[in-house]
Amino acid sequence: MAEKFEMNDGSVVVVIGTGAGGGVLSNELAQKGVKVVALEAGGRYLPEDYVNDEWDSFGQLAWVDARTTSGDWRVAKDFSGLPAWIVKAVGGTTTHWAGASLRFQDHEWKALSAYGAVEGANLLDWPIDPREMDDYYTKAENKLGVTRTGDRAGLPGNNNYLVFEKGAKALGYKEVHTGRMAINSADYDDRLACQQTGFCFQGCKWGAKWSAAYTDIPRGEATGNLEVRENAHVARIVHDDSGTVTGVEYFDKEGNLHLQKARVVCVAGNSFESPRLLLNSASSMFPDGLANSSGMVGKNYMRHMTGSVYAVFDKPVRMWRGTTMAGIISDESRHDPSRGFVGGYEMETLSLGLPFMAAFLNPGAWGRGFTTALDAYENMAGMWLVGEDMPQESNRVTLNTDVKDQWGLPVANVHFDDHPNDIAMREHAYRQGQAVYEAVGATRTFPTPPYPSTHNLGTNRMSADPKNGVVNKWGRTHDIGNLYISDGSQFTTGAAENPTLTIVALAIRQADHIASEMSKGDL
Amino acid sequence: MKTNIPKKNMTRRQLLQSATAISGIAVAGSGFIAAPNAAWALEVTEITEHQMATLVQIARDIYPHDKVGDEYYVVAVKGYDSGESKDMIAAGVAKLDELAQAARAPSYLETKWEDNRVALLKQVEDDAFFQTIRGGLVTGLYNQKAVWPIFGYEGESFSQGGYVDRGFNDINWL
């Protein structure tokens, strides 16, 4: 395939990854007239390609390149080679995400100040004032078409939501609705309204859910300023003797190594691949990896406190029908240490099809205790629990030099141990989730363990002080002026909310900053 | 067990009539096993009839669903009839049979109560044999589209226009 931009064109911005961070950043820069080469490790799949089948879709979209795991989290035992359920495709995990689009609460930008020091945790305030984000959140909501923001209506509630809502109200919860979702409740921005098909995680075949794959990416390409190279796996970022980044080396589909020169490099490969790439780019000048003078590259991995509660009733629910995650209880998202933990959590409706329910309800379980639960699948309702987890330096991505990927590169090892605050929050969330369903007459409830991670955060975190983080308030690395981090790995702390809206808002903001720096001649 | 039945020129019915029923699964010999109710029949080439019949029973004992017929469990385990798997299967079944004999039953397959067979499986649940069989069943059994309706799961919905007009909010008992 002929490249639009020359390999030795050092005037381009190279963006690595095309998801919520990289895909949005690429388009935003292209709209401003900046030339961008976006390198995507996966192929391109569009709504007509997506399949309403859990395992087939997983085979089509999931990132299944080798990774290893360690630590006390149950994922390391049950899914030792699959620490995350994320996507390798143009558009990244925005093909798979559920669409929940929540702003951080103000205090969550200042977790250290709000919660105080927590033993064993490495809390820090974001170097961003919450008011700086207001306009960017609005821009992000308008881009994604988030329901219940602007003048957009909420989605209708499906069966799973109606059970959840009734239980929530019986418990006295007040902030209960069908969510702020990047799924159209009416036609919007050339995308259809939701047809209540289910299979939100498998890619929306109607395009009702926002994904960079069929919005930002083609719109960026239409400007003529964006070239997306698919099946391009970046191996290394290279630099000159002054420590300035000059380009990236990547493997194409056939395994040929190329060097694309660059004026600026923006890394957005999700929280395992982004630090892995910085570490794999170690050189004699930067023996510990690029942008790692703080030693923080790969550290402070966060995955949100998660878990699920499923419940069985004496009558059918058919939770799989309709939007997968259009339902939320936000009452527990506040910071209220009287509950025995800092930070808060959201409760959100969730369903899995029978094949994934069998895999994830209680991994490794067998016998009638397990199978009688599946026998009642049609009568099941479900919710996901997602809350702020504590950054810990020991939770980290490192290179596993004993295991190589298909390109011969050391893979990421992901180490994670729960913090006592995470455990206390999960126990509280299980109790409340079970109470929601018991209030509607559940005959049996299941406190279901966390799945392979979907929210991967913090491994190149943002800090005011270069000593305790990797990037500054713009996502620009403290060490290298023309190297940026543009994905969730720049999160200083995780907050309780699903991270995509914040990743998108930060990408829009970063595009403004990069364009401004370029026009000033500082990049 | 009868052993000299020619494979060819036999109807499935003749095959079944000639079979010796063990624990609900008929082992006909000469590489055939079948259900007494003729719901399914299977030819094995690399592993023995006894081993395959035992595998089917193990599959049901790991993930017992009383409303799911044996034929779906057979589909889930028949791939173990391969040169690659036969040593693992032979060793795994032999160990379970030894444990059954220690518990005064002729074999795993002829251990009559599910609870007693489960007690045998508990003794091997950390073995690679058990973990391989159990792990394979998660997709081998539950990802069979033919099984889904038994659980009420409706599968693909895009081709039918989703559920926007087909009951996404039809719950009537709340």
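## A walk through a two-chain model

Strand 10 of chain A is covered on both faces: A:Met305, A:Gly307, A:Val309 and A:Ala311 on one side, and A:Thr306, A:Ser308, A:Tyr310 and A:Val312 on the other, are all buried. Here a residue is buried if 20 or more other C-beta atoms lie within 10 Å of its own, exposed if 12 or fewer, and partly exposed in between, with C-beta atoms placed from the backbone. Helices (H or I, at least four residues) and strands (E, at least two) are DSSP runs, numbered from the N terminus.

Before going on, a word about what you are looking at. This is a predicted model, in which local features need pLDDT of at least 70, side-chain atom pairs count only at pLDDT 80 or more, and totals for chains, interfaces and linings use all residues. Residues are numbered from 1 along each chain as its sequence is written, while chains are lettered from A and ligands numbered from 1 in the order in which they are written.

Back to strand 10 of chain A, which spans residues 305-312: eight of its eight residues are buried, so the strand is largely enclosed by the rest of the structure. In a regular strand the side chains alternate between the two faces of the sheet. Who are the partners of this strand? Two strands pair if DSSP finds at least two bridges between them. Strand 10 of chain A pairs with strand 13 (residues 380-387) of chain A in the antiparallel sense over eight bridges, and with strand 16 (residues 444-448) of chain A, also antiparallel, over five bridges. A:Val309 is a handy landmark: it stands opposite A:Met383 in strand 13 of chain A, and its bridge partner in strand 16 of chain A is A:Pro447.

Let us move to another sheet of chain A. Three strands form an open sheet in the order 3-15-14, with mixed pairing. Strand 3 (68-70) and strand 14 (396-404) of chain A stand at the edges with a single partner strand each, so one side of each is left without a neighbour in the sheet. On average, neighbouring strands of this sheet are turned by 35 degrees against each other, direction ignored; axes are lines fitted to C-alpha atoms, for helices over the stretch in contact, and angles run from 0 to 180 degrees between N-to-C directions. Strand 14 of chain A and strand 15 (residues 410-415) of chain A run antiparallel and are joined by six bridges. In this pair, A:Asn400 stands opposite A:Val411 of strand 15 of chain A.

Helix 8 (residues 270-280) of chain A packs on that sheet, touching strand 14 and strand 15 of chain A, and its direction makes about 65 degrees with that of strand 14 of chain A. Two residues are in contact if their C-beta atoms, placed from the backbone, lie within 7 Å. A:Asn270 is found in helix 8 of chain A, and has a positive phi of about 75 degrees although it is not a glycine. With 29 C-beta neighbours inside 10 Å, A:Asn270 counts as buried.

Now for chain B, with its six helices and four strands. From the N terminus on, the elements run α-β-β-β-β-α-α-α-α-α. Of the 174 residues of chain B, 36% count as buried. B:Arg104, found in the loop between helix 4 (86-102) and helix 5 (114-124) of chain B, has a positive phi of about 70 degrees although it is not a glycine. With 7 C-beta neighbours inside 10 Å, B:Arg104 counts as exposed.

How do the two chains meet? In all, 28 residues of chain B are in contact with 33 residues of chain A. Helix 6 (residues 128-140) of chain B gives the most to the side of chain B that touches chain A, with three residues.
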